[in-house]
Amino acid sequence: GITQLVINPERSPQAAELAKEIRNEFVLHARGDVVARSSATLNPKMPTGEVELQVDELEIVSRSTPLPFQLDEESVDETLRLRYRWLDLRREKLQRNLRLRAQMVGVIRRHMEAAGFLDIQTPILFKPTPEGARDFVVPSRLHPGRFFALPQSPQILKQLTMVAGFDRYYQIAICFRDEDLRADRVQEITQLDVEMSFPDREELFALMEEMFAAIWRECLGVDIPRPFPRMTHAEADRRFGSDKPDTR
């Protein structure tokens, strides 16, 4: 975590002199005594806000050039943030997003395994599987003039697992679609892919509703009412003119 270093020239004149060279993002190695802060300097917003390190020895391990943007800036151009993505990922919002995603994946895995599903990773380099978009193709060095296709979904391979007797399969699969970017279209997506042998419709609905409810409950502390509202495709088309209606 983060804690405060205090350098007192009377206690350690060498450390105080070296501290004049310190700038943002320098990596430091400090040695000293952990002591209680005075009542005037307590910081209840920090887990270590009641203590500080009184530095006796200080070393600059690595120096940094000035940052292209400050991590607490809000209006940084996205192109600049993406160019320095390793810095952008240190921002609190993105740290929170990645931790939330990891937590969500953990909930999905626990839920699917408790329901008897087996996590099977399928190959990325495979033959084309016709879907709704163009394939990304990868040339083969060993077979000149021949190409692999990056999967738009694991459709054929997951069906092979069904034929092979794995009657409950799931995979958090990365899928690729070579198409123009739009608000609801990206070229690389991660999806939960599920296949079951001989299910009925109510069983599938119950499985997905329980999983979504578990994700919202464990990740966000929100209880989603169940069962989910349902409507037929004909009703959605008649009322909203869309197969993914916004019912708010």
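Rings of Phe, Tyr and Trp (for Trp, its six-membered ring) are taken to pair if their centres lie within 6.5 Å, and planes under 30 degrees apart count as stacked, over 60 as edge-to-face and the rest as tilted. By this rule the count comes to 1 aromatic pair. Y84 and W86 form it in an edge-to-face arrangement, with 5.5 Å from centre to centre and 65° between the planes.

This is a predicted model, in which local features need pLDDT of at least 70 and side-chain atom pairs count only at pLDDT 80 or more, while totals for chains, interfaces and linings use all residues. Residues are numbered from 1 along each chain as its sequence is written, and side-chain values use heavy atoms, with hydrogens and water left out.

A residue is called buried under 20% relative accessible area, exposed over 50% and partly exposed in between (1.4 Å probe, protein chains only). On this scale Y84, at 26%, counts as partly exposed, whereas W86, at 56%, counts as exposed.

The structure holds 18 salt bridges, a salt bridge being a side-chain nitrogen of Lys or Arg within 4 Å of a carboxyl oxygen of Asp or Glu. The table gives some of them.

| D33 | R11 | 2.7 Å |

D88 and R85, in contrast, both lie in helix 3, 3 residues apart, about one turn of the helix. D88 is buried, with a relative accessible area of 0%, while R85 is partly exposed at 33%. R81, R85, D88 and R91 are linked in a network of salt bridges.

Helix 4 covers residues 92-114, and its end C-alpha atoms are 33 Å apart, in agreement with the 33 Å that its 23 residues should span at 1.5 Å a residue, where the expected span is 1.5 Å times one less than the number of residues. Its buried residues are L94, V105, V107, I108, H111 and M112. Helix 4 is followed by G116, whose phi is positive, near 90°.

Terms used: Helices (H or I, at least four residues) and strands (E, at least two) are DSSP runs, numbered from the N terminus.
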